[in-house]
Amino acid sequence: MRSATSLNIVTDPAADAAEGPNLALAPKPGVPPQASLAPAQSAEVPARRVAAWLRSALPKLLMTTLSLGLFIAFWYFATKYKLDFYIRFNNIPSPGEVWENAAYLAQSDKFYNNMYVSLRRILIGFGIATVLGVALGLLIGQYRLARGLLFPLFETLRPIPAIAWVPMAIMLWPTNETSIVFITFLGSFFPILLNTIHGVNSVDPVLLRAARCLGTSEFGLLRQVVLPASLPHIFTGLAIGMGVAWVSLIAAEMISGQFGIGYFTWEAYSLIEYADIAIGMIVIGVLGLLCSGGIRILGTMLMPWMAGSQHGGQK
Amino acid sequence: MMTPTDDTLSATGHILIDHLRVRFGSKAAAVEAVSDVSMEVKPGEFVSIIGPSGCGKSTLLNVVAGFVQPSEGTVSMDGKPTDKPSADRGMVFQQYSLFPWLSVRKNVEFGLKQKGLDANHREEAARTLLGLAGLLAFENHYPDQLSGGMKQRVGIVRALATSPQVLLMDEPFGALDAQTRVVMQQILTNMWQRFRISVLFITHDIDESIFLSDRVYVMTARPGRIKAEIPILLPRPRTPDMASSPEYLGIKQQLRDLITEESLKAMGGELKDSGLAGFDIEVGPKGVAELV
């Protein structure tokens with residue numbers, strides 16, 4: 001019973017009032033009465049949990065299958081009967097053709113190379129954007145001088161979509177490869193920068209004052225308080241930035257690429273390999289999804305304190 | 001109560017405020033928040049400042065902390081001006097100010113890390129202090145998992161970890177419910193007696209100021225001036241049942257009268273003119289309830 005009440009206090013922020021008695025009972029140095037907390041939790045029967053999970057997840061699973069199934073069925077019949085009602089399915093590959101080509105491409109090194117090249121461009125472009133965007137965002141957010149010098153420039157460049165840079169980038173950079181990476185970088189840089197600045201601006205001032213009272217230096221403040229306090233906003237920027245990075249990459253590859261999954265997709269159109277177009281699209285979607293998932297996983301790893309608050313308050 | 005031997009033990013943490021004025025804003029539109037305040041906190045002493053809302057008591061504390069510069073006069077600790085924040089003046093805020101991304105223990109270790117202490121010593125010191133405050137079982141929790149009272153206890157422990165000479169507390173229990181607040185006051189008294197450091201404590205709660213302090217300064221409505229200095233000569237350790245003793249009630253009445261006067265002044269003369277004061281109704285800035 002005792003452990004149950006203390007558990008209550010830990011997880012329920014509204015249990016303030018219950019704290020009085022708990023304190024009175026409590027804690028002589030070195031004798032944590034709440035030590036019994038962990039075993040009590042793990043004592044629950046795992047099988048029952050799995051059953052409960054299945055019961056809650058099953059309807060969702062069924063609906064997902066139905067939703068995707070209907071789409072593929074429509075696709076199948078539309079291509080089989082070559083529907084033509086303003087939208088034309090005459091040249092659209094059927095699911096079966098796509099599947100066949102996919103099985104063939106799965107054996108092809110060239111196809112994997114295209115995926116690899118695209119992923120490498122994303123990693124480099126997005127990686128540089130992350131480092132520069134977060135670093136400059138912290139400086140601009142925290143220091144008036146940096147804001148005064150850099151912000152006007154960035155505000156002028158920001159409205160220009162990354163894709164509009166393609167011709168200029170080709171002239172600017174020595175190789176096609178670097179210009180594509182540059183486009184990818186540009187696409188993700190601004191969302192990351194702006195969200196970092198926003199994160200810095202929304203740091204609770206009392207945290208900065210507390211840190212100063214604890215003897216933190218100016219640089220220490222940036223690294224130990226401003227950066228971690230801005231992380232939730234930074235990760236919002238990274239998630240958005242990753243999306244825009246893919247948009248920019250695919251466009252750049254279609255326009256000026258020699259390799260890459262965007263180039264593959266466009267080339268399939270030129271070579272009348274229509275099934276490959278669908279494969280390129282699906283692969284782009286899956287890769288984008290994986291990259292966003294990676295950002296999310298990184299976020300939960302770097303921000304373990306957010307796990308509790310999301311379950312507790314936000315939703 | 002202080003004994004002569006205590007003085008040698010804690011000869012540091014002497015705060016001296018001399019003819020302090022603080023003005024905000026540019027010259028023409030300047031607002032005076034603190035007006036000609038002189039006061040002191042002797043080494044190891046527990047001093048409270050009480051006054052109506054907006055009387056400049058937090059500003060005063062911020063000058064001692066080093067966040068606000070004096071417009072006139074001087075504020076010093078042990079002879080040195082308090083011109084910027086430092087770890088030898090620990091501060092506890094009214095708002096929760098724990099770093100949400102650090103566990104309870106890492107929060108307590110934060111100041112020690114700034115001092116360059118290695119990880120083992122930091123952990124040892126933090127665990128000892130958390131044990132004293134009855135929080136050792138929660139060392140690996142994140143602040144969001146704690147109740148309000150626990151957060152403030154961690155805040156106090158964190159401020160004490162760097163061994164400051166003085167603890168500055170800005171209405172630290174203002175956001176807590178009455179029951180939790182009483183427990184927190186007892187814990188604070190225990191910690192203060194164990195650490196023998198000076199405390200400058202801001203509050204608007206009369207009982208809190210009597211229960212905790214050696215001396216209470218009453219401030220006037222804005223611009224804040226020292227209206228009275230009341231020594232609290234109740235013996236220590238103090239217990240909740242002292243609240244019914246004649247000495248306690250005498251002090252409480254005295255403080256209440258002083259503050260009521262200021263609160264009425266703060267609300268403007270109209271209230272008095274309309275005759276409310278004649279009915280023996282106490283009106284504070286937050287209504288009748290605040291002073292009861």
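In which helix of chain B is the place of B:N62? In this predicted model, B:N62 belongs to helix 2 of chain B, a helix that covers residues 57-65. With a relative accessibility of 12%, B:N62 counts as buried, because buried residues are those under 20%. When residues up to four places away in sequence are set aside, the contacts of B:N62 comprise B:F67, B:V68 and B:M91 together with A:R209, a residue of chain A.

Strand pairing in chain B was examined next. Strand 1 of chain B (residues 15-24) and strand 4 of chain B (residues 72-77) run antiparallel and are joined by five bridges, and within this pairing B:L16 has B:S76 of strand 4 as its bridge partner. Strand 4 of chain B also pairs in the antiparallel sense with strand 5 of chain B (residues 80-81), here over two bridges, and B:S76 is bridged to B:P81 of strand 5. Strands 4 and 5 of chain B form a hairpin in which two residues lie between the strands, and B:D78, located in the turn, has a positive phi of about 50°.

By residue class, the lining of the second largest cavity consists of four charged, three polar and one nonpolar residue.

Key. Residues numbered from 1 in each chain as written. Chains lettered and ligands numbered in written order. Predicted model: local features only at pLDDT ≥ 70, side-chain atom pairs only at ≥ 80, totals over all residues. Heavy atoms only, no water. Pairing = 2+ DSSP bridges. Helix = DSSP H or I, 4+ residues; strand = E, 2+ residues; numbered from the N terminus. Buried < 20%, exposed > 50% of the residue type's maximum accessible area, 1.4 Å probe, protein only. Contact = heavy atoms within 4.5 Å. Nonpolar A, V, L, I, M, F, W, Y, C, P; charged D, E, K, R; others polar.
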